[in-house]
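Student: I would like to learn how to read a fold step by step. Could we go through one together?

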Amino acid sequence: IVVQSADLSSEPALRRVVAGAAGVVNLIGILYETRRQPFADVQGALPGRIAAAARAEGVPRLVQISAIGADAGSASVYARSKAEGERRVREAFPGATILRPSIVIGPEDSFFNRFAALARVLPALPLIGRGTTRFQPVYVGDVAQAVVVALQRDDCQGRTYELGGPQTYTFAELMRYMLQVVGRRRLLIDVPFGLAHFEARFLELLPTPPLTRDQVELLKHDNVASPGTPGLEELGVTPSPIELIVPQYLARHRAEPARAGRYPR
């Protein structure tokens with residue numbers, strides 16, 4: 001049973017949703033907060049309430065999707081809320097499995113698709129923090145496999161896994177790769193963190209902010225799996241390289257071949 005909506009403010013409603021389930025997977029998360037949906041509620045308190053409902057209904061397995069970088073001491077509200085969500089899940093459901101992916105890529109991702117769309121209309125793309133932040137993109141299909149394994153294997157209960165792809169890249173390297181795949185030439189402009197933080201003060205006022213100050217804080221730290229922390233390999237999942245995945249779904253963003261009398265974009 002896949003539940004896409006429910007009355008998350010009601011404990012009885014949460015219990016009805018999870019009642020009789022063989023396992024519960026919490027995928028709820030947001031990239032930016034609003035007055036109606038603050039990080040503290042959506043990613044901090046709600047996971048614990050879902051876990052408590054699952055425990056009360058006798059659900060045997062729970063998987064919490066968190067994020068690499070979850071840290072109670074982080075300067076980022078997002079990262080602190082992810083850590084708080086993990087803490088509350090562990091408190092309510094000690095046997096829960098926590099999965100922390102790096103940036104998740106796939107046909108409907110908000111990373112490569114977002115920047116490829118910007119490359120269609122902008123002459124230049126920003127490299128916040130000079131593009132040195134490292135990422136370990138992980139394919140959504142691999143994350144889904146990890147969830148299935150975590151729901152099936154007894155030895156996954158109570159453990160935390162950090163999920164990353166087979167290779168790490170800087171933000172600048174990912175932007176260059178994306179431009180290569182879509183066949184466009186664009187300037188990549190270094191934007192220091194201080195300037196990005198200033199710009200984000202105004203951008204985060206938009207209904208769907210392209211950048212927030214909290215996201216700038218996140219970009220100050222690498223988003224890669226910690227050494228020694230179990231990951232996809234321990235779950236029996238072979239990480240997929242981005243070179244096999246990204247070109248398939250970025251095809252719609254590719255520039256048209258130059259024709260006679262036209263300048264290439």
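**Reading helices, strands and a loop**

Student: Let us begin with the helices. At roughly what angle do the axes of helix α4 and helix α6 cross?

Tutor: Keep in mind that this is a predicted model. The axes of α4 (residues 112-121) and α6 (residues 171-182) cross at roughly 60° and come within 10 Å. The crossing is right-handed.

Student: Which residues of α4 and α6 meet there?

Tutor: From α4 come Phe112, Phe115, Ala116 and Ala119. They meet Phe171, Leu174, Met175, Tyr177, Met178, Leu179 and Val182 of α6. Sorted by class, this contact has 11 nonpolar residues, with no polar and no charged ones.

Student: Now the sheet. In what order do the strands lie?

Tutor: First the general idea: strands of a sheet pair through backbone hydrogen bonds, in either a parallel or an antiparallel way. Here four strands make an open sheet, ordered β1-β2-β3-β8, with parallel pairing. β1 (24-26) and β8 (160-163) each have a single partner strand, so one side of each is left without a neighbour in the sheet. On average, neighbouring strands are turned by 20° against each other, direction ignored.

Student: Which way do the side chains of β2 point?

Tutor: In a regular strand the side chains alternate between the two faces of the sheet. In β2, Leu62 and Gln64 point one way, while Val63 and Ile65 point the other way. All four of these residues are buried.

Student: One last stop, a loop residue. Is Ser76 buried or exposed?

Tutor: Ser76 lies in the loop between β2 (62-65) and α3 (77-92). Its relative accessible area is 1%, so Ser76 is buried. Leaving aside residues up to four places away in sequence, Ser76 touches Asp214, Glu217 and Leu218.

Key:
Residues are numbered from 1 along each chain as its sequence is written. This is a predicted model: local features need pLDDT of at least 70, side-chain atom pairs count only at pLDDT 80 or more; totals for chains, interfaces and linings use all residues. Side-chain values use heavy atoms; hydrogens and water are left out. Helices (H or I, at least four residues) and strands (E, at least two) are DSSP runs, numbered from the N terminus. Buried means under 20% relative accessible area, exposed over 50%, partly exposed in between (1.4 Å probe, protein chains only). Contact means heavy atoms within 4.5 Å. Axes are lines fitted to C-alpha atoms, for helices over the stretch in contact, and angles run from 0 to 180 degrees between N-to-C directions. A crossing is left-handed if the near helix is turned anticlockwise from the far one by less than a right angle, and right-handed if clockwise. Ala, Val, Leu, Ile, Met, Phe, Trp, Tyr, Cys and Pro count as nonpolar, Asp, Glu, Lys and Arg as charged, and the others, Gly among them, as polar. Two strands pair if DSSP finds at least two bridges between them.
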